[in-house]
There are 2 protein chains.
Amino acid sequence: MTLKLEDIARIAGVSRSTVSRVVNDDPNVSEQTRQRVLEVIEEHNFTPNVAARSLVTQRTRMLGIYIPYLVGNLFSDPYFPMFIQATTARANDQDYDVMLWLKSSTITMDHLRRRVLDNRMADGLILASTPRNDRLTDLLLERGRTFILNGRPWEHEDSINYVDTSNVRGAQQAIEHLVRLGRRRIATVTGRIDLNSGYDRLIGYRRGLEEMGLELDSKLEADGDFTEVSGYLGMRKLLPEKPDAVFVASDHMAIGVLRAIREAGMTVPDDIAIVGFDDMPFATLANPQLTTVRQPVQRLGYLAAEGLIGLLENTITPPYQVSLPTQLVIRESCGFPA
Amino acid sequence: MTLKLEDIARIAGVSRSTVSRVVNDDPNVSEQTRQRVLEVIEEHNFTPNVAARSLVTQRTRMLGIYIPYLVGNLFSDPYFPMFIQATTARANDQDYDVMLWLKSSTITMDHLRRRVLDNRMADGLILASTPRNDRLTDLLLERGRTFILNGRPWEHEDSINYVDTSNVRGAQQAIEHLVRLGRRRIATVTGRIDLNSGYDRLIGYRRGLEEMGLELDSKLEADGDFTEVSGYLGMRKLLPEKPDAVFVASDHMAIGVLRAIREAGMTVPDDIAIVGFDDMPFATLANPQLTTVRQPVQRLGYLAAEGLIGLLENTITPPYQVSLPTQLVIRESCGFPA
DNA sequence: GGCATTTTTGGGAGCGCTCTCACCAATGAG
DNA sequence: CTCATTGGTGAGAGCGCTCCCAAAAATGCC
């Protein structure tokens, strides 16, 4: 038997309204009654019924996280766990709860629309890594719902809220480092170009070469899709071009690249230097240990929650746009002397 | 402007009650009116307000997942991502949504109690890896709430609902395999003994030796805590005992064990064979590749959601208790000929 | 055709809260 | 002493739904 506002009111000898004021920190309550009511609340472990509350306030104090799952990577990739962990921690701090939607084979767009859009179960949404042409973004925009993208959007870049890693700058860093170490024929295996992370890392690669005064050569660019096997295949295509270094748009692919190089009888970093991206946990397990570009994932998750709540409570005026710097983690595969 | 039941009723020329019946699949509606109402609902994209609904039904159609985070492992360990993914997929199938609570430094027990217990935001709960003496379990029991443990409970084993891996049997399998390969002095580095997974794997190790007719020797058991460094330290303690094989209660620790063996100038599997546990993504990256015991994580997550929903809807009578078999994944580190 | 019975529909109450408005002291100003 | 003003409080309506019960319509039976 759970108590309701009215019960607390009766026990404390005040009206329902007064208890409501106390619960909601309304200043118009005398200190004396406030104390009395708080005691009763404490004593009976009272918590206001969320359903009733949100029925009238039209708010749920819930944040939704939607991840259009790339099941493949997910399981060895701590990106989402880290992101989610930071997001929920920040949300809970502000007395918000978090709902999770993962795109899977079983959840249809229709389901999703109902749940995420129409239902209003969550006050606001955080969308992780939305591919180009994702319909959800448009629908959200259309209905005027509050949301934040994890990753720079493809369209409406100046009005949509987002938190992002400076992928361009990060890739550039990697290239600069390789050039400084004397490498001149620097190839790349790209990520999925329909994801902004993949796209931006390619842009950063090109910009890095240009700024260091090296020529672009499309034969030094192999298409990948963030999977290990695509790294392997990409590197096999690159090998005949005799690169002396390769910037790989993800650590996963870097493992494949490593394998291809080894199979060709060459060594890393002596023959070919490698720089990856993401700083996955296994980067230190590879042989040689992977030099890579680390993203501030937790910070991103934290800021996504903070920003979304700010937007919902009108303490932040949109657009809320954050781009955080990466960090080059130098290990062995780039050939930097220990 | 979102429509409500009443609006749909007006448009369709029926009463609010009738629309409610249609929405809730009540059979007492003539086929003709049902169709008409469905059309109007479809046309206007109507979805019943969840808050209003749960205010009267006292149900939210939400499942909560609570993970008392062991931040260390979490990020390289795909256990929780996989588990969560399977759980949400199953839940969404049944038209349930999922809320996520991760224990972090910022979330206090008090917060938690409010959120998870009193609030009734979720109809039921799934608790992942609860350590011995976790207060939450007792509180849930006390309040008569419906929940499922991921992992065999420490107490009330015959009444609490749970889904678990047969850790005992899995460890036993590993030992049997090593013995069959001719190993006789088989050591172990244990996991956290205050978690049932760690405890049960130790029991399985012992039982395995006994059943294969080998003597137990406490000097061959080193304490670990699932971290890599504890694996390293554990193996260093074990080395003077001259084991010819070691069963390591997690792949993380196995990496540390590998390092310790290599540092001692010995080789795996020739001098010492290794079998790990978990089949982490990096198990194939280790050199030599790790032989390990795989858990049916996704199946576990799936069954947790299914079971919980069944319990909530009274289609399953408690206790709901599931224990799934593991699978021995034979690679290189056990010395099995390729 | 008249009646009982079944199927289908509608109206009202109420879930537990917030929020507006009105009220009642108590206070101060004129 | 009267009248506005303030701080504190309570009553009432209403958020959008479900569920019970009664009414209406359709059906079956004699």
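Axes here are lines fitted to C-alpha atoms, for helices over the stretch in contact, and angles run from 0 to 180 degrees between N-to-C directions. Helices are DSSP runs of H or I with at least four residues, strands are E runs of at least two, and both are numbered from the N terminus.

I note that this is a predicted model, where local features need pLDDT of at least 70, side-chain atom pairs count only at pLDDT 80 or more, and totals for chains, interfaces and linings use all residues. Residues count from 1 along each chain as its sequence is written, and chains are lettered from A in the order in which they are written.

**Helix pair.** I looked up α6 (residues 79-93) and α13 (residues 297-312) of chain B: they pack at about 40 degrees, with axes 7 Å apart. That makes α6(B) oblique to α13(B), since angles under 35 degrees count as roughly parallel, over 145 as roughly antiparallel, 65 to 115 as roughly perpendicular and the rest as oblique.

**Chain contact.** I then turned to where the chains meet: 40 residues come from chain A and 39 from chain B. On the side of chain A, α6(A) gives the largest share, nine residues.

**Val257(B).** Which residues does Val257(B) touch, not counting those up to four places away in sequence? I found Val189(B), Gly231(B), Tyr232(B), Met235(B), Val246(B), Val248(B) and Ile274(B).

How values were computed. Contact = placed C-beta atoms within 7 Å.
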